[in-house]
Amino acid sequence: MKNRLKELRQLRQWSQSDLARELGVSRQAVNGFESGKFDPSLDMAFKIASLFNVALEDVFIYEAKNSMQTLVERFKNYFGFEFGFERFTEKAINAVKFARNEAALSQKSQVEPEHLLAGLLADPTTTSARLLQANGCQVNIETSEHSFESRENLKFSPQSNFVLELALQVVRLQGKKSIGTEHLLWGLLRLAETDKTTVSELFQRYEIDLEALNNQLAETV
């Protein structure tokens, strides 16, 4: 996995030893990270991004081919199990149910990020829906009494899996117990930074102010 660690370190005018001291690792470890000989753990990757005050995707550069699949696989290996929904709040579970039903109605074979976004907007009382509406989104999602029932069990696309796994990761790093709709929205925004050709266009289509949304979401999450 390629990275910008050396570039970011040099901008701070730090030696490898300086960076190693900040991260609490050996200089050899920093050299290995920079050269790509081995990848940092996810905890270390987040620590590096936090140290330089940048997004994770601004440090580590994933290859364009199968980038989402690679990220999802890294998360699965890290947690040691396939993704489950036992830590989701009721509203977050409803958002996922709606997304699955929406994908089926659209005759899609997988749940895509656009369906997850629709699920986050389906219940206007959720934190995610309020944040989206407060930052320009005027889309009204039609619902019925059956919208939040478990009727379909479609698989998630690699991009959607990336969103779900990031939501789980941010909750884990914060020491929280439950994944809410705001964490799913956080995952979607991180995906938008990584996959600019699809998800960013979706936010633009909904006329959402991404910068303002990012700032408000950071305070919430």
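Buried means under 20% relative accessible area, exposed over 50% and partly exposed in between, with a 1.4 Å probe and protein chains only.

**Figure 1. The whole chain as a starting point.** This is a predicted model, in which local features need pLDDT of at least 70, side-chain atom pairs count only at pLDDT 80 or more, and totals for chains, interfaces and linings use all residues. Residues are numbered from 1 along each chain as its sequence is written, and side-chain values use heavy atoms, with hydrogens and water left out. Of the 221 residues in the protein chain, 46% are buried. The chain holds 12 helices and four strands (DSSP runs numbered from the N terminus: H or I of at least four residues for helices, E of at least two for strands).

**Figure 2. Helices α10 and α12 meet.** Here α10 (residues 181–194) packs with α12 (residues 210–220) at about 140°, their axes 11 Å apart. Axes are lines fitted to C-alpha atoms over the stretch in contact, and angles run from 0 to 180 degrees between N-to-C directions. That makes α10 oblique to α12 (under 35 degrees is roughly parallel, over 145 roughly antiparallel, 65 to 115 roughly perpendicular, the rest oblique). On the α10 side, look for E182, L185, W186, L189, R190 and E193; α12 brings L210, L213, N214, L217 and T220. Contact means heavy atoms within 4.5 Å.

**Figure 3. Helices α7 and α8 meet.** The axes of α7 (residues 113–122) and α8 (residues 127–134) lie 7 Å apart, at an angle of about 95°. That makes α7 roughly perpendicular to α8. From α7, L117, L120 and L121 meet S128, A129 and L132 of α8.
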